[in-house]
Amino acid sequence: LRSCSPGRARRTNASRRASLIARFGDIYAEERLDAETLLRTYISDMEMVQRIIYIAAVESFHAAKMAYRQFKVRVRDTLSIGHSGPESLEDTVLDYIVRHEDLYDVQASVNEVIRSMNINPKISFPPEIDFIVISTLIRELCRMAFSMQTLSPPLDIAFGIDGELFSETKYHRSFDSDFTAALVAYHVWPALMENDIVVVKGEAVTKR
């Protein structure tokens, strides 16, 4: 194990939080649109393209959170052997993870996301193409989601389902929505949450 700097996680929490919220917006504005453009070369149905990207975001958060929990257990098991304080073991573990996020095996998470997407019944892809074509988006989402787990409290995304009541506090309507419709037809981008409070609105399509 590399050496760690006690207190780092707590000292840098606010600045890391601000940076990660900004990154969430950047991915929405940049990598998401790049992935959309790429997918449109294979799929003409814009709804399917947007569903694929939304599910990639949801699965990326899920895979990164699982990886974080496993990583934290391994670090705690190792550091607990020689831990004597003065910081709590939990603080020492978190400091280590924040300092050594480069040890996160992001490729394993990317592979897990693609596996999950391949068996998702809501999305389909031409058989000759693989979801690996949007692996750049998935990788950036996984990295960001992993880092968000090191915050106190952690940042997460809202759980969204087709047909749910549209929430003005959670989502913007897409430009092609029926603005009089009350229900979400499908989601374009998840809302970012902190302790069940919306930090950044997502995007959804409403239709009758």
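A salt bridge is a side-chain nitrogen of Lys or Arg within 4 Å of a carboxyl oxygen of Asp or Glu. The legends below use this term. This is a predicted model, in which local features need pLDDT of at least 70 and side-chain atom pairs count only at pLDDT 80 or more, while totals for chains, interfaces and linings use all residues. Residues are numbered from 1 along each chain as its sequence is written, and side-chain values use heavy atoms, with hydrogens and water left out.

**View 1. The whole protein and its elements.** The protein has seven helices and six strands; helices (H or I, at least four residues) and strands (E, at least two) are DSSP runs, numbered from the N terminus. Read from the N terminus, the order is α-α-α-α-α-α-α-β-β-β-β-β-β. The C-alpha trace spans about 60 × 40 × 25 Å along its principal axes.

**View 2. The two domains.** Domain 1 covers 6–154 and domain 2 covers 158–207, with bounds from an automatic or database domain assignment. Their centres, taken over C-alpha atoms, are 21 Å apart. To the contact (heavy atoms within 4.5 Å), domain 1 gives 18 residues and domain 2 gives 18 residues.

**View 3. The area buried between the domains.** The size of an interface is often given as the accessible area lost when the parts come together. Here buried area is the accessible area (1.4 Å probe) that two parts lose on being put together, summed over both. For domain 1 and domain 2 this is about 1,700 Å², with 62% of it on carbon and sulfur atoms. Phe24, Gln50 and Tyr54 lose the most area on the domain 1 side, together 38% of what that side buries.

**View 4. Salt bridges between the domains.** Four salt bridges are counted between domain 1 and domain 2. In a salt bridge between arginine 17 and glutamate 194, the side chains meet at 2.8 Å, N to O.

**View 5. The side of domain 1 that touches domain 2.** The elements giving two or more residues to this side are α2 (13–29), α4 (46–79) and α7 (135–148). Of these, α4 gives the most, with seven residues.

**View 6. Helix α4.** This helix has 34 residues and reaches 49 Å from its first C-alpha to its last, close to the 50 Å expected at 1.5 Å a residue. The expected span is 1.5 Å times one less than the number of residues.
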